[in-house]
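Please look over the structure shown here and work through the questions that follow.

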Amino acid sequence: IKVIPLVVLTLRSIFGLVLAEVIARHLYPGLPDTSWETRLFCKDTLYNMRLMQPNKSGFAAASDFGSVLTVANSNGYRDNEWRTKKASKYRIMVLGDSFAWGWGVPADSMITTVLDESDADLSVYNLGIPGDDLRRIYARFKYHVNEISPTHILIVNCINDFWGVDYQRDEFEKNVKRGLLDLDGRVSLSCNRYYSGSMKSTLNRSYLFRMANRFRFRFLLSSKEERKRKQEQELRRDAYLGGH
């Protein structure tokens with residue numbers, strides 16, 4: 001007798017979720033798929049560094065913007081082919097995280113593209129990769145410096161890359177002991193590890209989940225402002241104390 005109401009309740013719940021999914025897809029037809037990361041990026045396990053899968057293109061999206069086409073060159077970076085830039089008078093190596101990579105903007109609006117097109121004597125190399133911290137930025141510089149021979153270096157990154165410096169220092173020292181920072185391009189960065197789909201990327205097929213993720217992002221964005229301000233104050237204080 002008790003089993004029947006439970007079955008009915010389960011069926012009603014399933015029907016309600018399906019109906020809500022249909023409504024969400026109708027109301028938000030352009031809701032971005034934020035599981036793009038597993039399809040566009042890979043990892044070099046020797047350097048423990050992320051790069052884009054070479055010569056691959058796809059649409060990248062996140063909760064705060066729509067889909068943007070991203071194209072990787074043969075080196076695994078969001079940039080034109082580097083071999084066409086070597087003859088330039090000034091070669092600017094741009095390192096950094098998603099800010100340098102061009103998070104949320106089309107290729108013609110990226111910092112590196114705008115800078116590259118501002119002067120015929122400039123060639124700008126975009127080595128920005130989302131998630132890069134200070135130690136990875138330095139390792140990426142050491143790996144590509146001989147290949148690019150930059151005349152100038154520009155670092156574009158967010159303040160959060162200065163957090164967790166103790167961990168970064170430990171990882172940096174490990175790379176020094178292994179001699180990885182002296183290889184300077186004599187080994188090839190390779191996609192020897194591909195990211196597998198997570199439970200989140202599976203759930204991301206549902207528009208209901210995408211809507212919840214977007215609303216969650218906006219809520220966290222508004223509620224984190226005070227905490228972010230305090231973190232920045234602590235960072236400035238630590239930097240000041242460290243300088244003395």
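Q: Which residue has its backbone nitrogen 3.1 Å from a polar atom of the side chain of D133?
A: In this predicted model, D133 is found in the loop that runs between β6 (122–126) and α5 (134–148). The side chain of D133 has a polar atom lying 3.1 Å from a backbone nitrogen, and that nitrogen belongs to R136.

Q: Is D133 buried or exposed?
A: Setting aside residues up to four places away in sequence, D133 touches D161 and Q168. The relative accessibility of D133 is 10%, and because buried means under 20% relative accessible area, D133 counts as buried.

Q: How many residues apart in sequence are the parts that the pair C42 and C191 ties together?
A: Searching the whole structure gives 1 disulfide, and this disulfide joins C42 to C191 with an S to S distance of 1.9 Å. Since C42 lies in strand β1 (residues 41–44) while C191 sits in the loop between α6 (165–177) and β8 (193–194), the parts tied together by the pair are apart in sequence by 149 residues.

Q: What is the handedness of the link of C42 and C191?
A: Both C42 and C191 are buried. The angle about the S-S bond in the link of C42 and C191 is -45°, and the link is left-handed.

Q: Which element gives the most residues to the largest nonpolar core?
A: The largest nonpolar core has 24 residues, of which W36, F41 and L127 touch the most other members. At least two residues of this core come from each of β2 (49–52), β3 (57–62), β5 (90–96) and α5. With 4 residues, the element that gives the most to this core is α5.

Q: Which tyrosine does F41 touch, not counting residues up to four places away in sequence?
A: F41 is one of the residues that touch the most other members of the largest nonpolar core. Leaving out residues up to four places away in sequence, F41 touches residues including W36, L51, M52, W101 and I129, and the tyrosine that F41 touches is Y195.

Q: How many residues does the second, separate core have?
A: In soluble globular proteins, nonpolar side chains tend to be buried together. Apart from the largest nonpolar core, with its 24 residues, there is a second, separate core, which includes I92, V94, A100 and V156 and has 6 residues.

Q: Is T113 buried or exposed?
A: T113 has its place in helix α4 (residues 111–116), and, leaving aside neighbours within four places in sequence, T113 is in contact with A107 and D108. Its relative accessible area is 18%, and because the cut-off is under 20%, T113 is buried.

Definitions and conventions. Residues numbered from 1 in each chain as written. Predicted model: local features only at pLDDT ≥ 70, side-chain atom pairs only at ≥ 80, totals over all residues. Heavy atoms only, no water. Buried < 20%, exposed > 50% of the residue type's maximum accessible area, 1.4 Å probe, protein only. Contact = heavy atoms within 4.5 Å. Polar contact = N/O pair within 3.5 Å; in protein donor to acceptor, adjacent residues only side chain to side chain. Disulfide = S-S within 2.5 Å. Core = buried A, V, L, I, M, F, W, Y, C linked by side-chain atoms within 4.5 Å.
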